[in-house]
Amino acid sequence: MLKGYGSTIFDGIWLTLQLALSSITLAVVLGLIGVALRLSPVRWLAWISDLYSTILRGIPDLVLILLIFYGGQNLLNKFSPFFGYDEYIDLNPLYTGIGTLGVIFGAYLSETFRGAFMAIPKGQNEAGVSYGMSNFKVFFRILLPQMIRLAIPGFTNNWLVLVKATALISVVGLQDMMFKAKQAADATREPFTFFLAVAAMYLIITSISLLVLRRLETRYSMGVRTAEL
C-alpha cells in the first residue's frame, strides 16, 4: 500500500513524538513561569509576562519557525566571530523545533494556567495559612491539585494543537513523518496515498492522547461535586 516506504514513514513517527513531548515539557515549564510572573504583585514582571503572551500568540507559528531557524541562524553566524568562533553554525532542526514550539505554546499555557489559578477561591489559600501551613505547602497541597484539574481541558486543547503543529517543523528539514511522507509522495507521484497515511497517524496520536487526558481529568475530578441547575 505504501510502496515500500512504510518503514521509512514509521521511523519518522518516533521523531514526531519526541518533538511533541519535548516541546510540551518546555511549554509547561515556560507556562508556569509565565503565570507566576503574571500573578506577581511586581508590575513590571507581570508586564513582561503579558508582553510575552501577547506577542507569541499574535504571530503565526510558521512565521516564528522560519524566523527563529533562518533568522536566528543568520544572526548567530554574523556575531559568532566577535566571540572568537569562526566556524559556520548550522542549527539542529529538532532542537530548533522544540525550542520554537515550546516558547509558542508556553504562551498559550500561561493563559490556561492563569485562568485555572484564578478560578480557585481565594478563601482556600487563606484557610490553609490559618491552619498553620506554609505558603509552600498551601501551593502544593491545596492550589496545585485544583489548578491541574481546572487546567486539563485547556491543556488538552493546546496539546492537540501542538501535535498537529509539529508537521510545520518539516519545512526546516526535520525528517519527521511529514517530511518522509513528502519525500515518498515526490518519488512515487502519489501524494494522496502518503499524506492520507500521515493524516491517519496524526489522528491515532491525538485520539490516544484524548483518552489518556480524559482519564487524567476523571482522576483529578474524583470527589468533586458539580452544581446542578
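The model is predicted: local features need pLDDT of at least 70, side-chain atom pairs count only at pLDDT 80 or more, and totals for chains, interfaces and linings use all residues. Residues are numbered from 1 along each chain as its sequence is written, and side-chain values use heavy atoms, with hydrogens and water left out. The chain holds eight helices and zero strands.

**Overall fold**

- In sequence order the pattern reads α-α-α-α-α-α-α-α. Helices (H or I, at least four residues) and strands (E, at least two) are DSSP runs, numbered from the N terminus.
- The C-alpha trace spans about 70 × 50 × 25 Å along its principal axes.
- The chain has 229 residues, and 37% of them are buried. Buried means under 20% relative accessible area, exposed means over 50%, and partly exposed lies in between (1.4 Å probe, protein chains only).
- The chain has an accessible surface of about 13,900 Å². Carbon and sulfur atoms contribute 65% of that surface. The areas come from the Shrake-Rupley method with a 1.4 Å probe; for residues, only the protein chains shown count as cover.
- Among contacts with a separation of 6 or more, 76% join residues 24 or more positions apart. Contact means heavy atoms within 4.5 Å.

**Helices α5 and α6**

- Helix α5 covers residues 122–130, and helix α6 covers residues 135–165. They pack at an angle of about 145 degrees, with axes 9 Å apart. Axes are lines fitted to C-alpha atoms, for helices over the stretch in contact; angles run from 0 to 180 degrees between N-to-C directions.
- The α5 and α6 crossing is right-handed. That term applies if the near helix is turned clockwise from the far one by less than a right angle, and left-handed applies if anticlockwise.
- From α5, the contact uses Gln 124, Asn 125, Gly 128 and Val 129. From α6, it uses Asn 135, Val 138, Ile 142, Leu 143 and Gln 146.
- By class, this contact of α5 with α6 has four nonpolar, five polar and no charged residues. Ala, Val, Leu, Ile, Met, Phe, Trp, Tyr, Cys and Pro count as nonpolar, Asp, Glu, Lys and Arg as charged, and the others, Gly among them, as polar.

**Aromatic pairs**

- The whole structure has three aromatic pairs. Rings of Phe, Tyr and Trp (its six-membered ring) pair if their centres lie within 6.5 Å; planes under 30 degrees apart count as stacked, over 60 as edge-to-face and the rest as tilted.
- Phe 79 and Phe 82 form a tilted pair, because their planes meet at 40 degrees; their ring centres are 6.2 Å apart. Phe 79 is partly exposed at 45% relative accessibility. Phe 82 is exposed at 67%.
- Phe 105 and Tyr 108 also form a tilted pair, 5.7 Å centre to centre with 40 degrees between the planes. Both residues lie in helix α4 (residues 93–118), three residues apart, about one turn of the helix.
- Phe 105 is buried, at 2% relative accessibility. Tyr 108 is partly exposed, at 27%.

**Single residues**

- Thr 112 sits in helix α4. Thr 112 is buried, at 18% relative accessibility. Beyond its neighbours within four places in sequence, Thr 112 is in contact with Ala 151, Gly 154, Phe 155 and Asn 158.
- Most residues other than glycine have a negative phi. Arg 189 has a positive phi of about 60 degrees, although it is not a glycine.
- Arg 189 lies in the loop between α7 (177–188) and α8 (191–220). Arg 189 is exposed, with a relative accessible area of 76%.
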